[in-house]
Structures are given as C-alpha cells and as structure tokens.
Amino acid sequence: MNVPERIDLDSRAHTLTLHWPGARAQCVSHAALRRACPCAACRRIRLAASSVQAAEDVAIVDIYSMAYGVQIIFSDGHAQGIFPWPFLEALGAVAA
Ligand SMILES: [Zn+2]
C-alpha cells in the first residue's frame, strides 16, 4: 500500500495535493473529495443511484492523519469521511 510522503492543503485554490512515493503528485479539488466521500451515509446516497451534492466552494477545514488514511473535515460540517490511502490514490487527479 502506498502512503503519501506529504499532503499539501491549499485553502486558497481549494485543492489537496498528495505526494506519493516516486515523486508522483496528485491534485484533487475539495469539492471532488466531498462528492467522493466514502462514509456510510454518502455510500447510501450513491447506492440509491443518486450523487452526493456539494457546493463548488466547499472547503476542507481540517485533516486528521490515521495509519490507513485521513479523516477529512469539510466546511459544510461533514466529518464522517475517512479516506483510505488506496481509495485516494484510485481517485486520480480530480478537478472541481
Ligand atoms: Zn460522507
């Protein structure tokens, strides 16, 4: 399992950049991460063949590192999402 060497949170550009081993940088927008949230509630919404709604200007306000990924706290109050490293890596580079 790859683990990022560094994570940069850009609060102005609303992007999160993950620096993977091998000098690979992955830039994902905050809104894309919010929509991809893997928590149980968001999964249920997707299972109902709907999509998770997020404002374009939704922002990441905090990140908590865990051994297997990160918990991301969003400005809309959503904080249940724990994003495992392989999940983040598989997202690829996602713009807003
Ligand atoms: Zn969620």
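I began with F87, which counts as partly exposed at 27% relative accessibility (buried is under 20% relative accessible area, exposed over 50%, partly exposed in between, with a 1.4 Å probe and protein chains only). I note that this is a predicted model, in which local features need pLDDT of at least 70, side-chain atom pairs count only at pLDDT 80 or more, and totals for chains, interfaces and linings use all residues. Residues are numbered from 1 along each chain as its sequence is written, and side-chain values use heavy atoms, with hydrogens and water left out.

I searched the whole structure for aromatic pairs and found two (Phe, Tyr and Trp rings, the six-membered one for Trp, with centres within 6.5 Å; planes under 30 degrees apart are stacked, over 60 edge-to-face, the rest tilted). F74 and F83 make a tilted pair, 6.4 Å centre to centre with 55° between the planes. F83 and F87 pair edge-to-face, at 6.0 Å centre to centre and 65° between the planes. I recorded F74, F83 and F87 as one aromatic cluster. F74 and F83 are both buried; F83 has a relative accessible area of 0%.

I then looked up R34, whose charged end sits over the F74 ring, 5.9 Å from its centre (NZ of Lys or CZ of Arg within 6 Å of the ring centre and within 35 degrees of the ring normal). R34 counts as buried because its relative accessibility is 8%. Leaving out residues up to four places away in sequence, I listed the contacts of R34 as C42, V52, A54, V58, F74, D76 and H78 (heavy atoms within 4.5 Å).
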